[in-house]
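Biologist: I'd like to learn how to read a fold from its coordinates. Could you walk me through one?

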Amino acid sequence: MAQQPDDRVLTWPNLISFLRLLGVPLFLYLFLVARADVAAVVVLAVGGTSDWVDGWIARRLRQVSRLGELLDPLADRLYILATLIAFTAREVVPWQFTAVLLARELLLLGSLAVLRRHGYGPPPVHYVGKTATFLLLAAFPLLLLAAAVPAAEAAAEAVGWALAWWGLVLYWVAGALYVIQARQLVRAVRGGEGGPA
């Protein structure tokens, strides 16, 4: 049976999530200011591959918390957004790719605003969204590796873009699922108030 989240703050999973959040400005500094691309690859890879660690530890140690349920997707989203902005600035990815991903984020922000107006918090993370996030966070270090290390360019670029495109498609599928879920909740509220179902 799934553990119900509690109000604890000082847990191992939350500490990992905080460290992941600190990795975002570190990556931006290394990539955009210091131009230390290899170090930036390492930070990005650690931040991305540790995505599943906090959730696994939370379930294993029974340390699932409400704060953790907020921090984990926040860290994921910040890594994706920061990486997209940095990569677009240095032309690692085309602006069109960034625009399509940012459009999905705007769609979700609109859905969250509607949910909050009806008294709901953010919907639970869907496995499709987690898969999309994993693919994108795996793709970005490979694309950066392709740009930073000429010897690895061909293989890293091919695998990186394959993961990136699959991640983009699933990111939008997950976004559509969240919008449908939000719409169903709002319709249920209006139906309960005697409004149109």
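Biologist: What share of the contacts in the protein chain with a separation of 6 or more comes from residues 24 or more positions apart?

Modeller: Keep in mind that this is a predicted model. Residues 24 or more positions apart supply 80% of those contacts.

Biologist: And how many helices and strands does the protein chain have?

Modeller: Count 7 helices and 0 strands. Read from the N terminus, the order is α-α-α-α-α-α-α. The radius of gyration is 18 Å, close to the 16 Å that the globule rule gives for 197 residues, so the chain is as compact as a globular protein of that length. Along the principal axes, the C-alpha atoms fill a box of roughly 65 × 40 × 30 Å.

Biologist: Let's zoom in on one residue. Is Ala86 buried or exposed?

Modeller: Buried means under 20% relative accessible area. Ala86 has 0% relative accessibility, so it counts as buried. Across the chain, buried residues make up 40% of the 197.

Biologist: Where is Ala86 found, and which residues does Ala86 touch?

Modeller: Ala86 sits in helix 4, residues 66–89. Leaving out residues up to four places away in sequence, Ala86 touches Phe27, Leu28, Phe31 and Leu32. Take Phe27: 59 residues separate it from Ala86 in sequence, yet their C-alpha atoms are 9.2 Å apart in space.

Biologist: What about the surface and the charges?

Modeller: The accessible surface comes to about 11000 Å², with 70% belonging to carbon and sulfur atoms. As for charges, there are 16 positive and 13 negative ones, and their mean positions lie 8 Å apart.

Key: Residues are numbered from 1 along each chain as its sequence is written. This is a predicted model: local features need pLDDT of at least 70, side-chain atom pairs count only at pLDDT 80 or more; totals for chains, interfaces and linings use all residues. Side-chain values use heavy atoms; hydrogens and water are left out. Helices (H or I, at least four residues) and strands (E, at least two) are DSSP runs, numbered from the N terminus. Buried means under 20% relative accessible area, exposed over 50%, partly exposed in between (1.4 Å probe, protein chains only). Contact means heavy atoms within 4.5 Å. The radius of gyration is taken over C-alpha atoms; the globule rule is 2.2 Å times the number of residues to the power 0.38. Accessible areas come from the Shrake-Rupley method with a 1.4 Å probe; for residues, only the protein chains shown count as cover. Lys and Arg count as positive and Asp and Glu as negative; His and the chain ends are not counted. The place of a charge is taken as NZ of Lys, CZ of Arg, CG of Asp or CD of Glu.
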